[in-house]
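Let's take a look at the charged side chains in this protein and who they pair up with.

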Amino acid sequence: MDRYAFDIRLTPEARALLRPGEAVVLDWHRLAVCCAGAGEVGLYAMPERTASRRKGLVRLRGEDPIYAARAIFPHLAGRGVIIDGRRWLGIRRFTTDLPGDFGLRATLGRLPEPSGSGR
């Protein structure tokens with residue numbers, strides 16, 4: 001994989017959880033930790049029409065309806081990301097295979113080396 005490219009895909013389970021006209025949004029929430037600015041990844045479903053109008057979101061190439069925040073692009077360079085989805089107690093929950101502390105690691109420059117195009 002190109003060191004500047006990234007590949008984000010949905011599992012069949014995540015795709016099945018999306019309602020017609022919905023997209024998955026990979027968002028970047030800015031946080032302040034002590035004196036360093038950090039970020040955290042948010043993952044949720046939203047109507048694709050609404051996502052396409054949000055200024056900070058970009059639709060990713062591919063068949064899967066995925067939007068990502070512009071601020072997260074540099075941190076995804078060279079990575080493959082798999083988005084999975086499960087229903088738990090009637091609530092849809094989307095997860096990624098990114099490290100749980102991805103936002104803080106990204107901001108501090110401590111991300112592990114990219115592993116390629118996902119699983």
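First, the ground rules. This is a predicted model, where local features need pLDDT of at least 70 and side-chain atom pairs count only at pLDDT 80 or more, while totals for chains, interfaces and linings use all residues. Residues are numbered from 1 along each chain as its sequence is written, and side-chain values use heavy atoms, with hydrogens and water left out.

Searching the whole structure turns up 7 salt bridges. Here a salt bridge is a side-chain nitrogen of Lys or Arg within 4 Å of a carboxyl oxygen of Asp or Glu.

| D64 | R15 | 2.8 Å |

Take D64 and R15, which form a salt bridge. D64 sits in the loop between β4 (57-59) and β5 (66-69), and R15 is in helix α1 (residues 12-17), so their pairing ties together parts that are 49 residues apart in sequence. Helices (H or I, at least four residues) and strands (E, at least two) are DSSP runs, numbered from the N terminus. D64 counts as buried, at 12% relative accessibility, whereas R15 is partly exposed at 38%. For these labels, buried means under 20% relative accessible area, exposed means over 50%, and partly exposed is in between (1.4 Å probe, protein chains only).

E48 is in helix α2 (residues 48-53) and R59 in strand β4, so the parts tied together are 11 residues apart in sequence. Both ends are partly exposed: E48 has a relative accessible area of 22%, and R59 has one of 32%.

Which side chains does D27 contact? D27 is in strand β2 and counts as buried, at 7% relative accessibility. Its side chain makes a polar contact of 2.6 Å with that of Y44, and another of 3.1 Å with the side chain of R54. A polar contact is a pair of N or O atoms within 3.5 Å; within protein, one must be able to donate a hydrogen and the other to accept it, and residues adjacent in sequence count only if both atoms are side-chain atoms.
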